[in-house]
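Please have the sequence and the coordinates at hand while reading.

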Amino acid sequence: MKAIVTVVGKDRVGIIAGVCTALADFNVNVLDISQTVMQGYFTMMMAVEVSGCSVPLAELVTRMDEIGRNMGLSIRVQREDIFEAMHRI
Amino acid sequence: MMNRNDILATQDMIDKRHLDIRTITMGISLLDCCDPDLEACCEKIYRKITRCAKNLVPVGEAIEKEFGIPIVNKRISVTPIAIVAGACETDSYVRIAQTLDAAAEACGVNFIGGFSALVQKGAAMGDWKLIHSIPEAMAATNRVCASVNVGSTKAGINMDAVAEMGRVIKKTAELTAHDDGLGCAKVVVFANAVEDNPFMAGAFHGVGEPECVLNVGVSGPGVVYHALQSVKGQPFDVVAETVKKTAFQITRMGQLVGKEASERLGIPFGIVDLSLAPTPAVGDSVARILEEMGLEVCGTHGTTAALALLNDAVKKGGVMASNHVGGLSGAFIPVSEDEGMIAAAESGVLCLDKLEAMTCVCSVGLDMIAVPGDTSAATISAIIADEAAIGMVNSKTTAVRIIPAPGKVVGDRVEMGGLLGSAPVMPVHEPSSEAFIARGGRIPAPLQSLKN
């Protein structure tokens with residue numbers, strides 16, 4: 001099962017490293033990353049594989065949200081299906 | 001990977017435009033709970049509901065989390081209680097309403113629908129018992145919703161039931177006077193009621209439905225409103241197309257959530273009800289969509305045409321997005337639950353007569369309307385009769401959910417709280433309909449040809 005991770009916050013050193021380390025700790029594999037910085041704001045979208053995730057997806061959502069808060073970021077994990085359903089026929 | 005803009009667009013709809021799944025509603029058949037002994041019947045009902053729906057709320061919450069989309073309500077609808085309780089040796093079904101209330105509380109759902117009777121052509125013993133139990137049942141419970149179908153295109157209008165419902169609504173208001181007649185917000189009078197409606201207060205699980213089924217109601221007035229802001233001044237062809245595309249996207253979300261939830265619950269997926277259901281929150285209003293089409297205030301001339309376009313475009317967009325579309329599907333126009341409708345009613349532009357005209361083209365009817373506390377039962381019955389006639393002749397569902405707020409007069413406001421919002425008390429016509437309602441009997445079913 002794939003999920004989309006969206007990370008938004010003020011840019012600084014180590015955001016990707018921090019997020020990827022956290023995901024690795026949950027055994028989540030990163031498949032694709034698209035990242036940009038606009039007017040000092042960091043925006044990243046990642047496609048990840050959560051089939052091997054060490055915790056249930058709902059818990060991953062909560063934990064990544066907490067980790068994001070500690071890092072001063074918004075980290076959102078959502079199943080990819082929601083975007084597929086809305087934008088692809 | 002998914003297109004970056006698509007991801008942002010979806011998140012934007014959820015975060016800023018109030019996109020949500022309004023309800024996942026589990027329909028449960030109670031036909032196997034019939035018993036001549038009232039207590040035994042209640043016991044069977046409680047057991048069956050709590051067994052079937054025990055996972056409804058946890059499953060809903062897990063899906064909310066995983067998809068990142070709010071599922072605002074998790075609800076239950078059951079077989080019309082007038083049918084289930086028909087065999088019970090009792091004169092009052094209040095005890096059954098209390099059982100439904102307890103079962104709903106045990107399952108963690110906020111409303112349970114199905115304290116209902118279908119009497120469009122005539123009422124059986126159980127139907128009358130149910131109708132007479134409504135006021136006390138509404139006062140004695142918090143989560144139970146009642147509905148009575150008084151007319152249909154095939155059967156005509158049961159005017160005896162219409163007359164009785166006027167009195168029932170008045171009595172319900174009196175018994176819940178301490179809450180401004182809040183009990184009436186849980187009572188709907190229908191014509192052409194549908195069997196798979198997931199929205200309250202009118203949801204019930206029809207006898208043509210399976211043992212257990214999951215129906216989904218989507219929402220999204222805010223998303224449609226926002227989409228229309230990008231086509232200001234353009235012709236109606238463009239407006240209709242924009243609404244269709246947006247409705248498609250909203251409905252796809254409902255289809256996805258419904259499919260996922262029904263799989264996890266191990267029950268069949270029924271329908272998606274693709275309704276634009278407003279809330280009192282700013283930016284989640286159907287009235288504001290109509291105003292965005294170019295009307296200064298909702299309720300002015302042109303409102304019915306705007307609503308007709310909206311209602312039709314929502315259906316057209318949604319139909320392709322879902323395997324099975326059902327329920328009420330269209331645009332709801334509840335006054336108290338829609339920030340723009342409240343403002344329009346308070347300004348005096350939106351009146352009861354205009355709302356009635358709007359119900360000819362919207363998905364349901366006169367919904368969540370507060371009228372003065374001294375409005376007579378006959379006047380309420382006459383309002384119901386008018387609304388049922390619109391439904392009967394136009395082969396559509398119509399409904400009346402009206403609150404004669406005790407002690408309130410025109411200009412006052414009735415606060416109902418939460419999603420029910422607050423309603424300005426609207427004036428009704430003073431001249432009497434007493435003799436009209438006193439006739440009783442049945443208005444014959446209309447001709448279905450020679451349509452002009």
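The points below are grouped by topic.

The model is predicted. Chain A contains 3 helices and 4 strands, and 18 residues of chain B are in contact with 19 residues of chain A. Within chain B, helix H6 and helix H7 pack at an angle of about 20°.

**Chain A: overall form**

- Read from the N terminus, the elements of chain A follow the order β-α-β-β-α-β-α.
- Chain A has a radius of gyration of 13 Å, close to the 12 Å that the globule rule gives for 89 residues, so chain A is as compact as a globular protein of that length.
- Along the principal axes, the C-alpha atoms of chain A fill a box of roughly 35 × 30 × 20 Å.

**Chain A: the sheet**

- Chain A holds an open sheet of 4 strands in the order E2-E3-E1-E4, and the pairing is antiparallel.
- Strand E2 (29-38) and strand E4 (73-79) of chain A are the edge strands, each of which pairs on one side only.
- On average, and with direction ignored, neighbouring strands of this sheet are turned by 15° against each other.
- Strands E2(A) and E3(A), the latter spanning residues 41-49, run antiparallel and are joined by 9 bridges.
- A:Thr43 in E3(A) is the residue that stands opposite A:Thr36.
- In general, strands of a sheet pair through backbone hydrogen bonds, either parallel or antiparallel.

**Where chain B meets chain A**

- The contact between the chains involves 18 residues of chain B and 19 residues of chain A.
- On the side of chain B that touches chain A, two or more residues come from each of helix H1 (4-16), helix H3 (56-67) and helix H9 (236-265) of chain B.
- The residues on this side of chain B comprise 8 nonpolar, 5 polar and 5 charged.
- Helix H1(B) packs on the sheet of chain A, where it touches strand E1 (2-10), E2 and E3. The direction of H1(B) makes about 80° with that of E1(A).

**A helix pair within chain B**

- The axes of helix H6 (residues 125-140) and helix H7 (residues 159-175) of chain B lie 8 Å apart, and the packing angle is about 20°.
- Because of that angle, H6(B) is roughly parallel to H7(B).
- H6(B) and H7(B) cross with a right-handed sense.
- H6(B) contributes B:Ile131, B:Ile134, B:Pro135, B:Glu136, B:Met138 and B:Ala139 to the contact, while H7(B) contributes B:Glu164, B:Val168, B:Lys171, B:Thr172 and B:Leu175.
- By class, this contact has 7 nonpolar, 1 polar and 3 charged residues.

Methods:
Residues are numbered from 1 along each chain as its sequence is written. Chains are lettered from A and ligands numbered from 1 in the order in which they are written. This is a predicted model: local features need pLDDT of at least 70, side-chain atom pairs count only at pLDDT 80 or more; totals for chains, interfaces and linings use all residues. Axes are lines fitted to C-alpha atoms, for helices over the stretch in contact, and angles run from 0 to 180 degrees between N-to-C directions. Angles under 35 degrees count as roughly parallel, over 145 as roughly antiparallel, 65 to 115 as roughly perpendicular and the rest as oblique. A crossing is left-handed if the near helix is turned anticlockwise from the far one by less than a right angle, and right-handed if clockwise. Two residues are in contact if their C-beta atoms, placed from the backbone, lie within 7 Å. Ala, Val, Leu, Ile, Met, Phe, Trp, Tyr, Cys and Pro count as nonpolar, Asp, Glu, Lys and Arg as charged, and the others, Gly among them, as polar. Two strands pair if DSSP finds at least two bridges between them. The radius of gyration is taken over C-alpha atoms; the globule rule is 2.2 Å times the number of residues to the power 0.38.
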